[in-house]
Amino acid sequence: MQPDQKEIFRQAPPDRGASSFIYPPTADNIRFFAEVLRQGGVVAIPTETVYGLAGMALDQAACRSIFEIKGRPLMDPLIVHVASIQMIDDLAEMSSTVERINEHFWPGPLTVILKKKPVVSDLVTAGKDTVAVRIPRHPVSRSLIRELGAPLAAPSANPFGYISPSTAQHVASSFKGKVPFVIDGGPCEIGLESTIVDLTPGDRAEILRPGAVSIEELEQALDMPVVRKVVSISESEAASAPGTMHRHYSPETGLALFEGSSIAGMAGKDAALFLQRPADASAGNVFWLSETGEPSEIARSLFAMLRKLDDKGFDQIHVQLPESSAGGVLVAVRDRLMRAASSK
């Protein structure tokens, strides 16, 4: 059952932020928002990847609210966020591989897909017999989960299909009051969603969505083969992992992708977005993600820059793709841009 919004506002913490819906992550506020969640409410929270729209993972009504607020199709599963590996044991079938992932990558930007236990509803998993779980690294989200003492379902805090949010202001502007509580944890450290790896095959690990944890890092840590499985489904199909639909992460302004430094079909009211500051950066419609081309800076800047350009009224945004041979987090940047520009 959803809490009475007027009653929640009467109980709102005294150090409410300057914005109507954004709050600082004080200890009093963390306790307050844990109670909001216990009552079935939804709260936007920071993680090191992107901001998430969080509700109690084992509360079906709260999870349904997440889908409704985002406009998210029910065949797109939710990632469950926990504070410890012990919490995962309550939700999914464990293995020695999960122990190794915990040792090497958690807390951090890695989500694993495991066989679920009956306590996890089909609503969370899109009817699949698997569940996606991770331990986030951001101290605010971990503090909130520990205070709550229960797992949180938390997909990205944006309307479905739009650019993911990397600041509290992105969340507030996207939902315009539909999400009454946003916890401000500052700009996200990574700025792209987590790597998702499926461990259910048993004899190998399959990366379903690239992120900051690379295939090379997983290969070094896990005692099994690791492969990248390119997944691209339509909105009518049930997904095993979020972020795998043909078109996703998309601004309202159309995107045109280019490789190298040559842009074809650039018009006067278009914008050009480069990975690294170009030699000629004097034009008012030329932008870049990193001064030096540093991969983590490119990833961290991507969604915020796409939102900025989407608000400027350009006819089209031409975006430079990382090379197909690029490794590390640039694999994730390339994946997000190709989905954002897809017409399917």
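1. Four strands make up an open sheet, ordered 12-15-13-14, with parallel pairing. Its edges are strand 12 (254–258) and strand 14 (286–290), each of which pairs on one side only. From one strand to the next the twist averages 25°. On terms: strands pair if DSSP finds at least two bridges between them; helices (H or I, at least four residues) and strands (E, at least two) are DSSP runs, numbered from the N terminus. Axes are lines fitted to C-alpha atoms, for helices over the stretch in contact, and angles run from 0 to 180 degrees between N-to-C directions.

2. Before going on, a word on where this comes from. This is a predicted model, in which local features need pLDDT of at least 70 and side-chain atom pairs count only at pLDDT 80 or more, while totals for chains, interfaces and linings use all residues. Residues are numbered from 1 along each chain as its sequence is written, and side-chain values use heavy atoms, with hydrogens and water left out.

3. Back to the sheet. Strand 13 (residues 270–276) and strand 15 (residues 316–320) are joined by four bridges in the parallel sense. Helix 10 (residues 295–310) lies across strand 12, strand 13, strand 14 and strand 15, at about 150° to strand 14.

4. Isoleucine 317 is worth a click. This residue lies in strand 15 and is buried, with a relative accessible area of 0% (buried means under 20% relative accessible area, exposed over 50%, partly exposed in between, with a 1.4 Å probe and protein chains only). Leaving out residues up to four places away in sequence, isoleucine 317 touches Thr253, Gly254, Leu255, Ala256, Ala271, Leu309 and Asp310 (contact means heavy atoms within 4.5 Å). The C-alpha atoms of isoleucine 317 and leucine 255 are 4.9 Å apart, although 62 residues separate the two along the chain.

5. Now the antiparallel part. Strand 2 (residues 43–45) and strand 3 run antiparallel and are joined by three bridges, with a hairpin of six residues connecting strand 2 to strand 3. Valine 43 has alanine 54 as its bridge partner in strand 3. Strand 3 also pairs with strand 7 (residues 152–153), antiparallel, over two bridges; there methionine 56 stands opposite leucine 152. Strand 3 (residues 52–56) is mostly covered, with five of its five residues buried.

6. Over in helix 2 (residues 27–38) sits alanine 34. Is alanine 34 buried or exposed? Alanine 34 is buried, at 0% relative accessible area. Apart from neighbours within four places in sequence, its contacts are Leu144, Glu147 and Leu148. Alanine 34 and serine 143 are 109 residues apart in sequence, yet their C-alpha atoms are 9.8 Å apart in space.

7. Most residues other than glycine have a negative phi, and most peptide bonds are trans. The bond from tryptophan 106 to proline 107 is cis, with omega near -5°, and proline 107 is in the loop between helix 5 (96–105) and strand 5 (110–115). Alanine 126 has a positive phi of about 55° and is buried, at 14% relative accessible area. Lysine 176 also has a positive phi, about 50°, but lysine 176 is exposed, at 70%.
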